Amino acid sequence: MKSFDFEKISVEDARKAYDGEAKHAKKADHTAERARDPSPVLQDTTVAWIAELPIEVRPLALARQFPRIANGICDMWRRVARCEEYLEALVVDRRGDRGGFPADVAQELTALKNFYAELHPSDRSTWDLVERSK
């Protein structure tokens, strides 16, 4: 059985280290992870999916500027609940720390989200959500 290597430190030093990490924990920066995306270009399936959409909702600026996101939407397009959730997350900043998309991309995402909602209407109304929260 392998033994663990330990560094001997005082309780005071351990407490300082623990408190310092907890108090000064920074938000995770995922930009480096996004930069390593293996598919920075549009996939053939994404190009075909965009071509099948009505002209007024084709996310062309999104595809040019953010191919990773366009590929992701295409991959989720047939999984209704997941795609609705993803489109909502792209349009609405729930974390409060995002810079947002350029105006043309934001407009395309909103139009695409609205189109998707028309394709897959929800049987629930706003009042159903109010009742559920009680």
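Trainee: Leaving out residues up to four places away in sequence, which residues does Met76 touch?
Mentor: Met76 touches Arg82, Cys83, Tyr86 and Tyr116. Keep in mind that this is a predicted model.

Trainee: Okay, and where is Met76 found?
Mentor: Met76 sits in helix H5. With a relative accessible area of 10%, Met76 is buried.

Trainee: How far apart are the C-alpha atoms of Met76 and Tyr86?
Mentor: Those two C-alpha atoms are separated by 8.4 Å. Along the chain, Met76 and Tyr86 are ten residues apart.

Trainee: Let me zoom out. How many helices and strands are there in the protein?
Mentor: Eight helices and zero strands. If you read along the sequence, the pattern is α-α-α-α-α-α-α-α.

Trainee: And what share of the residues counts as buried?
Mentor: For the protein, 22% of the 134 residues count as buried.

Trainee: What about contacts, how many join residues at least 24 apart?
Mentor: Take the contacts between residues at least 6 apart in sequence: 66% of them join residues at least 24 apart.

Trainee: Back to H5. Why do we say H5 is largely enclosed by the rest of the structure?
Mentor: Because eight of its ten residues are buried. The buried ones in H5 are Pro67, Ile69, Ala70, Asn71, Gly72, Ile73, Cys74 and Met76.

Trainee: What covers those buried residues of H5?
Mentor: The cover includes H3, helix H4 (60-65), helix H6 (80-91) and helix H7 (103-119).

Trainee: Let's do H3 then. How do H3 and H5 pack?
Mentor: Quick background: two packed helices are described by the angle between their axes and the distance between the axes. Here, helix H3 (residues 44-52) and H5 pack at an angle of about 75°, and their axes are 9 Å apart. That angle makes H3 roughly perpendicular to H5.

Trainee: What kinds of residues make up the contact of H3 with H5?
Mentor: Four nonpolar, three polar and no charged. From H3 you have Thr45, Thr46 and Trp49, and they meet Ala70, Asn71, Ile73 and Cys74 in H5.

Trainee: Thr46, is that one buried or exposed?
Mentor: Thr46 counts as buried, at 0% relative accessibility. Setting aside residues up to four places away in sequence, Thr46 touches Ala70, Asn71 and Cys74.

Trainee: Which side chain does the side chain of Thr46 make a polar contact with?
Mentor: The side chain of Asn71, at 2.6 Å. Asn71 lies in helix H5, which covers residues 67-76. Asn71 is also buried, with a relative accessible area of 2%.

Trainee: Which backbone oxygen lies 3.1 Å from a polar atom of the Asn71 side chain?
Mentor: That's the backbone oxygen of Val41. So the Asn71 side chain, on a residue buried at 2%, has Val41 as well as Thr46 to look at when you trace its polar partners.

Trainee: Moving to H4. What is Leu62 in contact with, leaving aside neighbours within four places in sequence?
Mentor: Leu62, which lies in helix H4, is in contact with Pro67, Ile69, Ala70, Ile73, Val105, Glu108 and Leu109. Leu62 is buried, with a relative accessible area of 0%.

Trainee: How far apart in space are Leu62 and Gln107?
Mentor: They are 9.8 Å apart, C-alpha to C-alpha, and 45 residues apart in sequence.

Trainee: Last one: Val80. Which residues is it in contact with, again leaving aside neighbours within four places in sequence?
Mentor: Val80 is in contact with Tyr116 and His120. Val80 lies in helix H6 and counts as partly exposed, at 28% relative accessibility.

Terms used:
Residues are numbered from 1 along each chain as its sequence is written. This is a predicted model: local features need pLDDT of at least 70, side-chain atom pairs count only at pLDDT 80 or more; totals for chains, interfaces and linings use all residues. Side-chain values use heavy atoms; hydrogens and water are left out. Helices (H or I, at least four residues) and strands (E, at least two) are DSSP runs, numbered from the N terminus. Buried means under 20% relative accessible area, exposed over 50%, partly exposed in between (1.4 Å probe, protein chains only). A polar contact is a pair of N or O atoms within 3.5 Å; within protein, one must be able to donate a hydrogen and the other to accept it, and residues adjacent in sequence count only if both atoms are side-chain atoms. Contact means heavy atoms within 4.5 Å. Axes are lines fitted to C-alpha atoms, for helices over the stretch in contact, and angles run from 0 to 180 degrees between N-to-C directions. Angles under 35 degrees count as roughly parallel, over 145 as roughly antiparallel, 65 to 115 as roughly perpendicular and the rest as oblique. Ala, Val, Leu, Ile, Met, Phe, Trp, Tyr, Cys and Pro count as nonpolar, Asp, Glu, Lys and Arg as charged, and the others, Gly among them, as polar.
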